[in-house]
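Hi,

Here is the structure I promised to send over. Have a look, and my notes on what turned up follow below.

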Amino acid sequence: MAPVQTGHVTSPYPHLLEPLDLGFTTLRNRVLMGSMHTGLEDSRTDFDRLIAYFAERAAGGVGLIVTGGFAPNQEGWAKPFSGTLATSAQARRHLPITQAVHAEGGKIALQILHTGRYAYHPLAVAPSRIKSPISPFAPRALTGRGVERQIRAFVRCAQLAREAGYDGVEIMGSEGYFINQFLVTHTNHRTDEWGGSYANRMRLPVEIVQRTREAVGEDFIIVYRLSMLDLVPDGSTWPEVVELARAIAASGATIINTGIGWHEARVPTIATSVPRAAFTWVTQKMRDTLRAEGITIPLVTTNRINTPEVAEQVLAEGVADMVSMARPLLADPHFVRKAAEGRADRINTCIACNQACLDHVFQNKHASCLVNPLAANETELVIGPAPTPRKVAVVGAGPAGMAAATTLAERGHEVHLYDAAEAIGGQFNLARRIPGKEEFAETLRYFANRITDTGVHLHLATEATADLLREGGFDEVVLATGVTPRDPEIPGQDAPHVLSYVEVLQGAPVGQRVAIVGAGGIGFDVAEFLVVPEGDSPTLDLKEWLQEWGVVDPEEARGGLAKPQPAPAARQVTLLQRKRGKLGAGLGKTTGWIHRASLVARGVTMLPGVNYERITPEGLVVSFGPEHANERLIEADTIVLCAGQESLRSLEAPLQAAGIPVHVIGGADEAAELDAKRAIDQGTRLAAAL
Ligand code: FAD
Ligand code: NAP
Ligand code: SF4
């Protein structure tokens with residue numbers, strides 16, 4: 001593919017697409033693909049997949065790619081046998097990656113990641129022996145010679161990256177990893193020259209950058225990722241952060257990237273409920289301070305920037321010199337190319353769900369993307385032309401059906417997509433009404449355009465019956481008819497003050513006191529919907545969101561952390577489940593805690609281990625334990641049923657009887673453990689194979 005030409009003056013995104021001259025080299029635009037661990041870094045057998053993954057993103061036009069983190073030595077591993085760059089033999093294995101990126105006109109830097117006390121293995125080292133809340137392994141406190149060894153490992157890793165053809169390195173100094181652990185007294189209790197005063201605590205990053213620059217020469221990019229807002233108790237003060245930035249610039253860094261929040265911070269920083277560009281003000285504060293002193297090092301801003309419009313706006317306002325986007329380039333590797341071609345409305349937008357990327361990494365699975373299952377699967381899931389084009393009906397335009405229909409049409413099949421509703425999207429139309437899930441509307445916009453572009457014949461407000469499908473002359477039928485709410489069979493549930501989650505989310509009136517039956521993903525979402533006043537989603541109001549989570553200007557409080565001030569709840573809500581134990585235990589690994597914390601802050605009562613006895617005009621009567629003891633009335637004006645779902649696949653049998661090949665996907669196939677990730681993945685994979 002020809003390298004993307006960006007930087008036209010006529011572009012709708014002149015700041016985003018403007019090249020960045022670094023003196024010895026020029027980046028073709030202002031988009032830095034932020035470091036993301038995909039899991040492909042950790043095994044040499046996955047390197048072919050990694051090559052294809054990066055090449056695809058370079059072809060899509062990104063200015064500078066930063067790889068997932070590679071450890072400079074064993075102590076720095078995130079987990080046993082994490083990707084490491086410590087020998088020339090390892091460097092040689094990286095050559096095809098850098099060659100593939102360069103062939104597409106791109107540039108790539110290797111991230112050097114030393115995890116310190118976040119390491120999930122017994123070789124962990126840190127400034128002091130203080131266990132982190134996110135790893136069971138207490139680190140060994142380094143001796144002075146041990147610190148020297150770590151510095152030499154960083155420098156050697158950068159030299160090897162240069163040997164491997166990288167255009168530069170990113171030194172990971174934020175997010176609470178090894179370097180960050182030296183900077184703050186929260187994790188550094190040393191009394192030698194690496195601890196005590198701030199000058200001593202910041203010596204480590206400064207030495208690393210200085211010695212790296214000496215070792216790699218002048219014409220090699222060194223990005224330093226600097227924690228500008230720690231969001232942990234005893235985090236850095238603003239004057240300390242600025243002092244570090246000055247020293248890093250003076251030590252020979254080429255670019256400073258922004259880090260927001262340690263991994264152990266209890267403030268969400270990238271989830272979908274975080275407002276877009278929520279933290280760019282921090283980079284702007286730093287840039288204004290440095291520029292006032294005549295320090296002109298380019299700064300990168302980051303976190304929840306997911307559209308070219310938002311990226312352009314932050315650059316146009318002088319917030320930063322580049323924007324970092326990581327997950328948006330998993331979701332759409334051709335983000336920059338589409339923006340440059342004036343086709344931003346065709347971008348498959350990252351909805352910040354974390355479900356197929358970050359959650360996978362925490363489960364030791366390879367990362368991919370909920371809205372783009374091809375991500376990091378470029379060699380394995382290939383969408384080629386269909387050998388024999390056929391006439392295919394897809395029933396249901398939810399996530400599964402939309403993914404299947406558009407992929408089938410792209411391959412050359414004649415596709416007819418039916419939905420009984422008046423709009424595409426299935427349950428995503430309900431999901432997008434949840435405060436904090438506004439991004440889900442982007443997926444509907446993307447698929448609406450993709451349906452048009454691929455030539456799918458769309459039949460809305462049309463219930464597909466067995467007769468319609470039999471008479472349509474279809475060679476294949478794909479059933480993506482989704483799910484129907486499960487009936488919990490609670491005595492008294494036919495009363496008018498009992499509603500299903502569908503009715504509630506479609507706007508049925510709900511009283512002041514509410515009991516929610518079922519605390520799965522939908523029960524939690526419905527609770528959020530009911531406690532947030534209508535039209536007042538904090539995700540759409542940055543000031544309110546920062547107050548809710550207690551984030552302030554770091555000049556006002558260390559690490560930018562103050563007392564949270566959530567807005568009052570719109571209703572009094574009780575969320576119930578039959579299982580014992582914590583509610584929301586099955587929610588996403590990286591987002592479940594956010595949902596729980598948000599509901600607790602709005603006063604939602606969470607009640608596990610209940611039996612639903614009956615519904616009365618006064619509310620919901622529950623009991624506890626196998627003896628159904630301690631009956632208790634939960635007073636409620638409205639009871640909402642969120643008791644899971646069952647598959648809707650009644651068309652399967654008559655079609656099979658008629659001899660028509662039928663394929664069942666998404667919720668229609670299996671309602672248990674269903675989510676949009678599985679629905680889209682299954683739809684895409686079926687369509688790639690038909
Ligand atoms: P559906 O989305 O149910 O779509 C089925 C479609 O088939 C419907 O449009 C229906 O009208 C149509 N249909 C059925 N029968 C016929 C027929 N005979 N003829 C024509 N059309 C027919 N998932 C996540 O991964 N992450 C989330 O954060 C998330 N949040 C959610 C929040 C809420 C409030 C809800 C309700 C769901 C959420 N989900 C989430 C779940 C996700 O939306 C579903 O897993 C997904 O929509 C299932 O996709 P599907 O295509 O299988 O079915
Ligand atoms: P779910 O996660 O399976 O939860 C169903 C809830 O109903 C559980 O609390 C369950 O707990 C309860 N329940 C089950 N059978 C019951 C019965 N007979 N009577 C009373 N209660 C019963 O399903 P969901 O909440 O409907 O969500 C559907 C899917 O959408 C989920 O699988 C999820 O992946 C996806 N989703 C995801 C998100 C997200 O943020 N990632 C958000 C929303 C939805 P007990 O059995 O303990 O009572
Ligand atoms: Fe974005 Fe979700 Fe895809 Fe991750 S899985 S890249 S958060 S859309």
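Helices here are DSSP runs of H or I with at least four residues, strands are E runs of at least two, and both are numbered from the N terminus. H19 itself covers residues 542–549, with Glu 544, Trp 545, Leu 546, Glu 548 and Trp 549 buried. After H19 comes Gly 550, with a positive phi near 70°.

Before going on: this is a predicted model, with local features needing pLDDT of at least 70 and side-chain atom pairs counting only at pLDDT 80 or more, while totals for chains, interfaces and linings use all residues. Residues are numbered from 1 along each chain as its sequence is written, chains are lettered from A and ligands numbered from 1 in the order written, and side-chain values use heavy atoms, leaving out hydrogens and water.

Next, Thr 98, which is found in helix H2 (residues 88–103). Is Thr 98 buried or exposed? Thr 98 is buried, at 2% relative accessible area. Leaving aside residues up to four places away in sequence, Thr 98 touches Ile 108, Ala 164, Gly 165 and Tyr 166. The C-alpha atoms of Thr 98 and Tyr 166 are 5.9 Å apart, although 68 residues separate the two along the chain.

Cheers

Conventions. Buried means under 20% relative accessible area, exposed over 50%, partly exposed in between (1.4 Å probe, protein chains only). Contact means heavy atoms within 4.5 Å.
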